[in-house]
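Visitor: I would like a close look at one part of this model, please. Could you walk me through the salt bridges and then tell me what else is worth a glance around them?

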Amino acid sequence: MSSQDELDTTATKESKDSFSKSASGASFLMLTQLSSKLCTFFINQLLMSYISARILGTTSYIDFLVATSLFFSREAVRLSCQRIKLPKGKAYQAIFNLSLIPLVIGVPFSSILIYTQFIRQQNAAVLQSPLFRYSVGFMWLSVIIELLSEPLYNINQYDLDIKTRSKIESFANVFKCLSQLGMIVWFEHKFKGMSVDKANPNYFIFSYCVSLFIYGGSILTLYLHFFFKSSARSQIRFKLTRIDDWYFEPRSISYWKNIFVQIFFKHVLTEGDKFIVNYLCSPEEQGIFALVNNYGSLITRMVFAPIEESLRLYFTKLISQDSSPKTYRQVCTVLKNILVFYKYLSLFIVMFVPFNSKFVFSMLLGNNWASSTDAFKVYWIYIPFLAINGVTEATFYSTVEDAARLFSYSKYMVMCSIAFIASATLLIKGTGLSVVGLIIANCVNMLLRIIYCSNLINTMDSSFKLHIDSSAIQTILVGISVASLHYFITGSNTENFVQFFYSASLACLTLLLVVFKERTLLSQLFHQVWKSKIKSS
């Protein structure tokens, strides 16, 4: 066998190993996300009884500021670390070196962001409160302590050890929610049964900031625990270390420079609705949006986010091992199969969830949040746009390294940002649609990004097109027919358990119809997964 054949065989084997790790990791991540989110969901349900729309809006904005600080500091580095292609020992040290950048950026950036967007907006009485100062301190420390865990997180991701990451994040999330609930119960006992929200809302904000700090501390502690048990421990020096004649691996640091600004605009488009809602909406409207976003994005965090993360890791590894046209066609084939799944899942969400939103959330939240029903109904239409954008954009960032293309997308993101801010302002203030207008503006924003990424993916494989063909028309007609039948049975809203049972039965019948229609594809995927399991065992 020639040396070229040996290289091709090795690349193929690494590709299959990466696919197996990514697929099993995605499955495990979805399961742990499901279990942890269900657990935190029930804990948050208990917390909802202590909170008003105004306080929910404030804590949601705090969460946004922390997430923005973290995202801006570390996201470009996370993407760049996957580009490192060195022997394992050198790769670990190169990842550690590169992962020090988020801390250097995060300390000043989080300080400026929290001061300008949170502290300066408070009145003099709030600023003099010791409880407020402690809250801000814990908020800032939660960012710093989580950034300290970045080197360990990136090494873990480089090894595609998604199971360890899932365990760590699940435990930290549950511990965070339990700690906040414990503090709220203790505060209520301190106020002799009076609601914390009525006695002193700052206590609820304080407990939330402390729980963020506890989450970051749990993440760092658990990553250290698993790291010191791993083989990577002996191959890393815990300081900036020269490797050959450089500190930062040239290919990865070049990629980081190319996408750093683009990442900022991506975050503005993805999370900018929270900035807009803070400036254009009342505190009560901010609370409604936070509620809709938290409940509506459950399926995003449990299903779509793990798939998107695994695809990004798998595609990056695949392209770094072999960048031939055959590999790009393989990427597009995997993406097509994912989009078939998304198509039908989105169909079910749009067909059934809006009808049942009012009934389900009235049971969960009572009548205190009845004004959020219309926003909930529209939010479910936004979910398919969010899902498809997630995987197409993950494919873009995994497969594109060309500086010109990345810069071109950066300019496009600036245009999308302007269009999003203009449309959101018009729909919220100009038409009086409030939160519903913001959701519609988000749909337009996601559609623009999907179009750009899809056109670029089409250059890798001309058979990849997001267009309305005969199969899509059939799916749309089925969806309209089922939704019409649902409306005939229950009206615009499900009102009782009998109607809810009819809705569930109709969903099951539709699922059977989908399985029958896609039986060939399902059979092929089943055999492929089964063969990979047999080989791995």
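Guide: Let us begin with a network of salt bridges that links R74, R78, E146 and E150; a salt bridge here is a side-chain nitrogen of Lys or Arg within 4 Å of a carboxyl oxygen of Asp or Glu. Please keep in mind that this is a predicted model, where local features need pLDDT of at least 70, side-chain atom pairs count only at pLDDT 80 or more, and totals for chains, interfaces and linings use all residues. Residues are numbered from 1 along each chain as its sequence is written, and side-chain values use heavy atoms, with hydrogens and water left out.

Helices are DSSP runs of H or I with at least four residues, numbered from the N terminus. Both E146 and R74 are buried, a word that stands for under 20% relative accessible area, with exposed meaning over 50% and partly exposed in between (1.4 Å probe, protein chains only).

Now to E75, whose side chain meets that of R312 in a salt bridge at 2.9 Å, N to O. E75 lies in helix 2 and R312 in helix 13 (residues 298-321), so this contact ties together parts that are 237 residues apart in sequence. E75 and R312 are buried as well.

The salt bridge between K90 and D244 has its closest N and O atoms 3.2 Å apart. Here, too, distant parts of the chain are linked, 154 residues apart: K90 sits in helix 3 (residues 88-98), while D244 is in the loop between helix 10 (201-227) and helix 11 (250-280). K90 counts as partly exposed because its relative accessibility is 35%, whereas D244, at 52%, counts as exposed. In total, the structure holds 8 salt bridges.

With a relative accessible area of 41%, T333 is partly exposed.

Terms used: Helix = DSSP H or I, 4+ residues; strand = E, 2+ residues; numbered from the N terminus.
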